Structure formats: structure tokens, C-alpha cells
Amino acid sequence: MSRRNVNIIPFSQREMQSAWRENRSAYNLAQVKTNAHRLFLFYAVECGLKAIYIKRNLGECTDDCPDLYRDGHNINKLLDLLNNGNDLKLHNIICMSDITDKLDNTISRRLKPGQINQMWRYGGKLEKWGDESEQQSSTDEDLEGKLLTICEFIEQELNR
């Protein structure tokens, strides 16, 4: 019986490493970073962490590691799969500024780490982050810094 989920395209460990490098390079090419460049960084981190997981689990492709599909784009969950501790994890609560609807009702925009790609894809900006008890003012550049730190970890792991 096949383990393959027909709704998900399998990728080899080599392809994931290549995607990690290409997305990171696309991010690095820009002098001034926009949300489009930040998406490249986000996807570089996601692909890099998945490549590490496949490598550590002696798999050949994503189909060999079904845990990779469980939590979508959540960087923190991928770090959990790697048993990497909390040092690299992103804040659990990420907030954009509130907006109002046509009836002047306030709409809160509170994201989880697995939704960062949506924020940047649709032009959103980070306003604050933190945990349940405390959030602090923050910027997209702060989040980029955290993702770049994860990139350093990925680089070290993939070069072992």
C-alpha cells in the first residue's frame, strides 16, 4: 500500500535543499526588502527545515516523512520536529494592525507562525508579537532577523 497523499506533490531531499538555496538567494539579491522578498526568505526557511528533517530521518523525499505535512507552513512546528529547543522559535502570536469593516466594527488580525506567508503575500505588516501574556511592538525587519537566524542554523545542519 502506498503512503503517498495524492493531494501533495512529493519532493526529494535534494530538491528541498535546492529550493532552500534558491529562495534564500532570491531574498539576498534585493537591496531593499519588500514583502515579496520576505516570502522568499520564509519559504527558504520552510524548505531548509524540511530538508534537514528528511536528511536526519534518512529519507529520500517528503513522502518518507509524513510528519512534514501535518502542520503546513508552521516554522515552529518544523523546529519542534527537529527537537531544536526554543531558541530559534518564532513568537506564538503575531499581530497586524486592526482594520474596520464597513459598519465600523474592529477586526483583529492575530496570526500564528504558520500564517506569516499569508501576511506577506497579501501586503500585511507586522505590528507586534509575543505570547498570550505579553506582546511587544515589532516590525517585519524584526521577523526577518529571526528567520535569518534560522537560516544560519539550516546552513550549519545541511553542511554537516
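This is a short tour of a predicted model, going from a helix to a pocket and then to the strands.

**Helix 2.** Select residues 35-56, which make up helix 2. Of its 22 residues, 17 are buried, so helix 2 is largely enclosed by the rest of the structure. Move on to Leu58, which follows helix 2 and has a positive phi, near 55°.

**The largest pocket.** Select Phe11, Met16, Glu46, Cys47 and Lys50; among the 15 lining residues, these lie nearest the centre of the largest pocket. The space in this pocket comes to about 340 Å³. Helix 2 gives the most, with four residues. By class, the lining holds nine nonpolar, three polar and three charged residues.

**The strands.** Select strand 1, residues 93-100, and strand 2, residues 106-111. The two pair in the antiparallel sense over five bridges, and Ile99 stands opposite Ile107 of strand 2. Strand 1 and strand 2 form a hairpin with five residues between them. In that turn, pick Asp104, where phi is positive at about 70°.

Last, select strand 3, residues 128-130, which pairs with strand 1 in the antiparallel sense over three bridges. To see one of these contacts, show Ile93 and its bridge partner in strand 3, Gly130.

Key
Residues numbered from 1 in each chain as written. Predicted model: local features only at pLDDT ≥ 70, side-chain atom pairs only at ≥ 80, totals over all residues. Heavy atoms only, no water. Expected span 1.5 Å × (residues − 1). Buried < 20%, exposed > 50% of the residue type's maximum accessible area, 1.4 Å probe, protein only. 1 Å grid on protein atoms, 1.4 Å probe; cavity = no way out; pocket = protein on both sides within 12 Å on 5 of 7 lines; lining within 4 Å. Points joined across faces, edges and corners; volume = space filled by probe spheres on them. Nonpolar A, V, L, I, M, F, W, Y, C, P; charged D, E, K, R; others polar. Pairing = 2+ DSSP bridges.
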